[in-house]
Amino acid sequence: MVRLLYIDCCIRRELSRTRILAEAVLAALQAKGAYQVERLCLMDEPLMPLSEGFFDQRESLLAEHDYLHPRFRYAHQFSQADRVIVAAPFWDLSFPALLRLYIENISVEGITFGVDERGPHGLCRAERLLFLTTRGGDYRHSRLEMGARYLEALCEFWGIPRFDVVAADGLDLGREEVKTILDRAIEEALTSVEDF
Ligand SMILES: Cc1cc2nc3c(=O)[nH]c(=O)nc-3n(C[C@H](O)[C@H](O)[C@H](O)COP(=O)(O)O)c2cc1C
C-alpha cells in the first residue's frame, strides 16, 4: 500500500471550497484501493510556534539527537509518507499561518532534511506532493502568488522530486459560477492524480 498523507488546512471546514476539491481527489484515489490514507486536520492539532521554551526545547533535543521525542511526530509522519496532498486556501497571497506553523514543526534537521559540507539535502521519502488550493482572485500568472511557489521550493528542500499544484482561481470575482470553476479544477486534479 502507498502511504498517502493528506494535510487538511481548510480553515472554514465544511464551508471550504478547497475542501470540496480535496475530497473529490481523495475519493478518486481511495476508490483505487492502493492507498493507505492518513488524514491530518491541522485545525484539530495542538501546533505551536517555535518561540521561547518551545524553541529552546527543540534546540536541546536536536543537540542530543533525540529524534524520538513526541514533538517530532509530525516530522516523522511527513518524512515517511510516500505521497502527500496539501489542501489550503489562498490567504494573503500565500496560505493560512496554520500551514506555516505546521511547516515550521516538520522542518527538522535530521528528520525531513539533513545538512553536510555540501549544504542541505532532503530526507523525505515522498515521490510527489500535490497542492490543492482555491483563490478569490486570479493569480494563475501572477508573480504575487507566494503559496504554491513557496511549497514547491520546500519540496526541493525536503527532497520531494515532484510538485504539482491545482488551483481554482477567481472564485470571488463573480465572473463565472463557483461550481463551474470548481468542477474544472476537480477535473484537472483528477487527471493530475491518474498516475499518482
Ligand atoms: C483571511 C483571508 C485572506 C484572503 N486573502 C486572499 C488574497 O490575498 N487574494 C485572493 O485572491 N483571495 C484571498 N482570499 C479569498 C480566498 O482565497 C477564497 O475565498 C478561497 O476560495 C477561500 O477558500 P475556502 O473556501 O477553501 O475557505 C482570502 C480569504 C480570507 C478569508
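Modeller: The account below begins with the ligand and then turns to the surrounding chain.

The model is predicted, and local features are given only at pLDDT of at least 70, side-chain atom pairs only at pLDDT 80 or more, while totals for chains, interfaces and linings use all residues. Residues are numbered from 1 along each chain as its sequence is written, and side-chain values use heavy atoms, with hydrogens and water left out.

The ligand is surrounded by 16 residues, the closest being Ser16, Thr18, Phe90, Gly137 and Asp172; a residue is near the ligand if one of its heavy atoms lies within 4 Å of it. By class this shell holds six nonpolar, five polar and five charged residues. In that division Ala, Val, Leu, Ile, Met, Phe, Trp, Tyr, Cys and Pro count as nonpolar, Asp, Glu, Lys and Arg as charged, and the others, Gly among them, as polar.

A backbone N or O atom of Phe90 lies 2.6 Å from a ligand oxygen, and a polar backbone atom of Leu93 is 3.1 Å from a ligand oxygen. Asp172 contributes a polar side-chain atom, at 2.7 Å from an oxygen of the ligand. The ligand taken alone exposes 630 Å², of which the protein buries 75%; accessible areas come from the Shrake-Rupley method with a 1.4 Å probe, and for residues only the protein chains shown count as cover.

Leu93 sits in the loop between strand 3 (83-87) and helix 4 (97-106); helices (H or I, at least four residues) and strands (E, at least two) are DSSP runs numbered from the N terminus. Although not a glycine, Leu93 has a positive phi of about 70°. Its relative accessible area of 32% makes Leu93 partly exposed, on a scale where buried means under 20%, exposed over 50% and partly exposed in between (1.4 Å probe, protein chains only).

Both Phe90 and Leu93 are in contact with Glu145, as are Arg135 and Tyr139, leaving aside neighbours within four places in sequence; contact means heavy atoms within 4.5 Å. Glu145 lies in the loop between strand 6 and helix 5 and counts as buried, because its relative accessibility is 5%. The side chain of Glu145 reaches the backbone nitrogen of Ala148 at 2.8 Å.

Cys10 belongs to the loop between strand 1 and helix 1 (17-32) and is buried, at 0% relative accessibility. From Cys10 to Leu98 the separation is 88 residues in sequence and 9.8 Å in space, C-alpha to C-alpha.

Finally, the largest nonpolar core has 38 residues, and those with the most contacts inside it include Ile7, Leu42 and Leu99. Such a core is a set of buried Ala, Val, Leu, Ile, Met, Phe, Trp, Tyr and Cys residues joined through side-chain atoms within 4.5 Å. Helix 4 supplies the largest share of this core, six residues.

Terms used:
A polar contact is a pair of N or O atoms within 3.5 Å; within protein, one must be able to donate a hydrogen and the other to accept it, and residues adjacent in sequence count only if both atoms are side-chain atoms.
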